[in-house]
Amino acid sequence: MTVRTTRRVFLSAATMMAAALAATACGSPQDTATGGGDSAAPVKVGLVYSQSGALASYGKQYIEGFKAGLDFATQGTGKVGDRKIELTEVDDAGDPAKAVSAAKDLIGKGTKIIAGSTASGVALQVAPIAAQNKVLFISGPAATDAVTGANKYTFRSGRQSYQDVVTAKSFIGDPTGKKVVVFAQDGAFGDANEAAVKTVIGGAGATVSSVRAPASATEFTPFASQIKTAKPDLLFVAWAGTTAPAMWQTLDQQGVLSSTTVVTGLDIRASWPTFGAAGAKISFLSHYFDGASDTEASKALKAKVSTLDLFHPDGFAAAQMVVRAVQEGGDDVDKMVTSLEGWSFDGVKGKMTIRAADHALLQPMFQAKLTGSGTAFTATAQKSLTGDETAPPAVAMKG
């Protein structure tokens, strides 16, 4: 996630004529679609994502974004040249086994492009299937860093956890000599967040320690006292579950929010009320929220979806990538892959670049603040970080 606020906080183009390269290297995905090959048969695209289960709300945003992005990228035709993009949607309910089964079934029916993966666990299981069967896989909201560099057939249309943590680091400028405390629950979720902060922010010169609470904790005053005693320059909160409102209320009442910079991730709009009165006192790292950007793609998306949310851009970008792949590769998956490697395009968030070496998706990230209260919170961007500023370290391609 994955970094996700209170639910999940943190967590080469093929050789071509020079003229053609100049025309397409940073072009718009709206460029006239020509397709590859002579066939007018539909292009089968399988969308395997969470329609039900714990991440169903994320899945809903993803598919809304995908359909809006497909309309944008094909100029309303739903076609690449004469070929219709034929979508098959399958619910994986966040279950990796169901996702693998669905992917195999779609591949068996001739599908050469699979997209989706709302959950990180799903993405990590589908990626090897793509490599084994030589089909294009474009992972969606799943934010685990392990998707990057998984194999040559795997890409991502959303951000990854490292980009979240680098955005958190931006709130304290140069971390050298700074004190950072991670407040998280005991368990794997807290371990992963603490490790990420130590790697990214600690690795840049900060001293990182932690205050951990049992997942069953309902009284948070002792933990707030430990945090105040530590006097951090930055408090990174990684919290999930129904105790979030009480936790934030206690940090506020005990003066933690007014004594240091407190950063956490901004999740979907439906989660904003959990911050209560503390919401306006927290600094948020953000993947996306309505109003974070003013691009042509964001305007096109908003024309289809009145209120934009966290994972709409992931679906939109996936559709842009699908259209690009079919435009340049036709039915040849290896050509699809090389057409995406190194490609820059204008997405909902702004300029997006697929790094050729490991398929990381370089993209803007945002610092945000909430104003208002209750169910009437409004998010505003305080700063936008470029794709270069939030780029994760390059990793070796594993397959």
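**Aromatic pairs, sheets and cores**

Guide: Tyr-288 is buried, with a relative accessible area of 1%; buried means under 20% relative accessible area, exposed over 50% and partly exposed in between, with a 1.4 Å probe and protein chains only. This is a predicted model, in which local features need pLDDT of at least 70 and side-chain atom pairs count only at pLDDT 80 or more, while totals for chains, interfaces and linings use all residues. Residues are numbered from 1 along each chain as its sequence is written, and side-chain values use heavy atoms, with hydrogens and water left out.

Visitor: And Phe-366, buried or exposed?
Guide: Phe-366 is buried, with a relative accessible area of 1%.

Visitor: How many aromatic pairs are there?
Guide: The count comes to 12 aromatic pairs, where rings of Phe, Tyr and Trp (its six-membered ring) pair if their centres lie within 6.5 Å, and planes under 30 degrees apart count as stacked, over 60 as edge-to-face and the rest as tilted. Tyr-49 and Tyr-62 form a tilted pair, at 6.0 Å centre to centre and 45° between the planes. That pair links distant parts of the chain, with Tyr-49 in strand S1 (residues 43-49) and Tyr-62 in helix H2 (residues 56-73), 13 residues apart; helices (H or I, at least four residues) and strands (E, at least two) are DSSP runs, numbered from the N terminus.

Visitor: Why is the pair of Tyr-288 and Phe-366 edge-to-face?
Guide: The ring centres of Tyr-288 and Phe-366 are 6.2 Å apart and their planes stand at 70°, so the pair is edge-to-face.

Visitor: Which residues form an aromatic cluster?
Guide: One aromatic cluster is formed by Phe-183, Phe-220, Phe-223 and Trp-239.

Visitor: Switching to sheets, what is the strand order in the six-stranded one?
Guide: The six strands form an open sheet in the order S2-S3-S1-S4-S5-S6, with mixed pairing; two strands pair if DSSP finds at least two bridges between them. Its edge strands are S2 (79-80) and S6, each of which pairs on one side only.

Visitor: How many bridges join S4 to S5?
Guide: Four bridges join strand S4 (residues 113-116) to S5, and the two run parallel; the bridge partner of Ala-115 in S5 is Ile-138. From S4 the chain crosses through helix H4 (residues 120-133) to S5 in a right-handed β-α-β crossover, meaning that, with the strands pointing away from the viewer, the path from the first strand over the helix to the second runs clockwise. On the other pairing, S5 and strand S6 (residues 154-156) are parallel over three bridges, with Phe-137 opposite Thr-154 in S6.

Visitor: Where do the side chains of S5 point?
Guide: In strand S5 (residues 136-139), Leu-136 and Ile-138 point one way, Phe-137 and Ser-139 point the other way, and all are buried. In a regular strand the side chains alternate between the two faces of the sheet.

Visitor: Which residues touch the most other members of the largest nonpolar core?
Guide: Phe-66 and Leu-136 do, out of 59 residues; a nonpolar core is a set of buried Ala, Val, Leu, Ile, Met, Phe, Trp, Tyr and Cys residues joined through side-chain atoms within 4.5 Å. Helix H11 (residues 312-329) supplies the largest share of this core, eight residues.

Visitor: What is Phe-66 in contact with?
Guide: Leaving aside neighbours within four places in sequence, the contacts of Phe-66 (heavy atoms within 4.5 Å) include Val-45, Leu-47, Leu-87, Phe-316 and Val-322.
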